[in-house]
Amino acid sequence: MQAAHSADAVHKQSLAALSVAAIGVVYGDIGTSPLYTLKEVFSPAHGIATSHENVLGILSLIFWSLLIVVSLKYVVFIMRADNRGEGGIMALIALMQRVVGTDSKLRWPLLMLGLFGGALFFGDGIITPAISVLSAVEGLEIATPALKEFVIPISLGVLGALFFIQRKGTATVGILFGPIMIVWFITLAILGVVKIIAYPAVLQALNPSYAFEFFAEHRMHGFLALGAVVLALTGAEALYADMGHFGKHPIRAAWFLFVLPALLLNYFGQGAMLIHDPSTVSNPFYNMAPDWALYPMVGLATLATVIASQAVISGVFSVTRQATQLGFMPRMDIVHTSAREIGQIYVPVMNWAMLLGIVALILGFQTSSNLASAYGIAVTGTMAIDTILAFVVVRGMWKWGWPATLVGMLFFLSVDLAFFSANAIKIFQGGWFPLAIGVLMFTLMTTWKRGRQILAERQQAGSIALLPFLGGIAAHPPIRVPGTAVFLTTNLDGVPHAMLHNLVHNKVIHETVILLTVKTRDVPWVPDEERVAVEAVGNEFYLVTVFYGFKDEPDIPLALEGVKIHEHGFNMLETSFFLSRETLIATKVPGMALWREKLFVSMARNGSSATAFFHIPTNRVIELGTQVEL
């Protein structure tokens, strides 16, 4: 009985600890939305006056949107669709492919849809840090209008420092994330409660009739207001994407018991203040704070937005690695910034590309209000794609009937598309930016995937079948030299070009020959016992397949440590790795458009080497060149 009580106490303690950590990482984005949501809703550009009925209507929209989209759709429903505990758009794509199968006509369009959702996430990764930090620092204007000219330099300085420390790792800073965000949410709640007490009638907005009356009165203007209301939902994707780090229960507990109540109290507090004093509409969030607390609030808000930005940056790094593993992006240098946490990585190329995009955004848009026009379309587009893919998984894995599947999908999709349509109208006001980033990343990913397929087809067409080759080796054996040769290849049925070059030029073959290929499964991690498959094909030739999940860290020497050949393990000092270095040439031969072939060639040249990506010791590598026409 005592042991059971102790185990239960440990479970509660770990749940509490993970919930605190989730508050620090998962809820940074959605937690900083009160900084700008109501400010944008009642912006003069939308033509919505700060009347009693309008404020209640908007608050009702925010309340029910948080309940339907975030609480019901993501926290309760979509988080059930996990890939061995992992979530996010890439995990959903992997699940979808498993459900649909390779022969289905739906596989390709659904895959393209999922990839575009992943591509939009990169646009969100650039906009979120820019609008969050800029909106926090803009509080200086409320405290002292003379400081307005320093808002952009301070914002750029804060974000520049954030991106600069990425290469050093964020483990030390990350320890403070949870406590700071807890203080932030408590502050949100206290500010809201003070204003609600002064005008408790604002709680009438819990009644959905106010939202319907708002639409009935304003019609088109009410519909356009949805484009700003959606700002309250930004960050919902993070709940699902970070599920693998914290688990479902801590994320759900943190949301329902802490984050959601704090957000609602703050939104309703801002609403109560706007009804009592419409002049505070210039910046409802900062106008809630007493004068003496303005500078501390700016400091706390800036810290909170830095944390929100860090979560998005880490998410972009993670999605980049997953896309690379799944074959949608070229190999990149990936630096592990923690010896204990495999998820803490740094991707230099993406880091500096994001910073460049953020600097361009802030200098181009100047204010958080201008940036708000660009923000919603990436978020709502990803939300709609999540809904479609999730219900494909629901139908295939949970065996829901068609009526329940269609009703559920149409309900959530109608909400998503309403928000998306309201934001699509703002494409020319800034919404083009995340779409442009999404189209760019989508083009890069699909070009790389298709280019690798064409390259494999060209190489296979010119390769020699392995089994006849082995028969020739047995009939006319060449000189066999001591040691083990490992030839990396994508096709175990053919003879690697590096092996042919070695035989033609050096006239020898090693005593033991390993033809090794790496395959990525549609799961986040592959257990160690399933890591390697070995097949002996005679004459001391072996086919070795190394399996990784899309979140695994590829390390071929480590994977080969447990492989037994001749009852002995690998001796790295007696092993040579042979790699083919392809020189790619874009041609007009049918395959891809010439400009895409040139893009693929450029991506291949600038990608990280297989040696570094697979952690192969450079002093054990021999590269042999080959020329391939695409």
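## Salt bridges in a predicted model

The count comes to 6 salt bridges, a salt bridge being a side-chain nitrogen of Lys or Arg within 4 Å of a carboxyl oxygen of Asp or Glu. This is a predicted model, in which local features need pLDDT of at least 70 and side-chain atom pairs count only at pLDDT 80 or more, while totals for chains, interfaces and linings use all residues. Residues are numbered from 1 along each chain as its sequence is written, and side-chain values use heavy atoms, with hydrogens and water left out.

| Pair | N to O distance |
|---|---|
| Arg450 – Glu457 | 3.9 Å |
| Asp552 – Arg531 | 3.2 Å |

Helices (H or I, at least four residues) and strands (E, at least two) are DSSP runs, numbered from the N terminus. Glu138 is buried at 6% relative accessible area, and Lys39 is buried at 15%. Buried means under 20% relative accessible area, exposed over 50%, and partly exposed in between (1.4 Å probe, protein chains only).

Arg450 is partly exposed at 28%, as is its partner Glu457 at 42%.

Asp552 forms a salt bridge with Arg531. The two are 21 residues apart and link distant parts of the chain, with Asp552 in the loop between β6 (541–548) and α24 (556–560) and Arg531 in the loop between β4 (508–520) and β5 (532–538). Both residues, Asp552 and Arg531, are buried. Together with Asp528, they are linked in a network of salt bridges.
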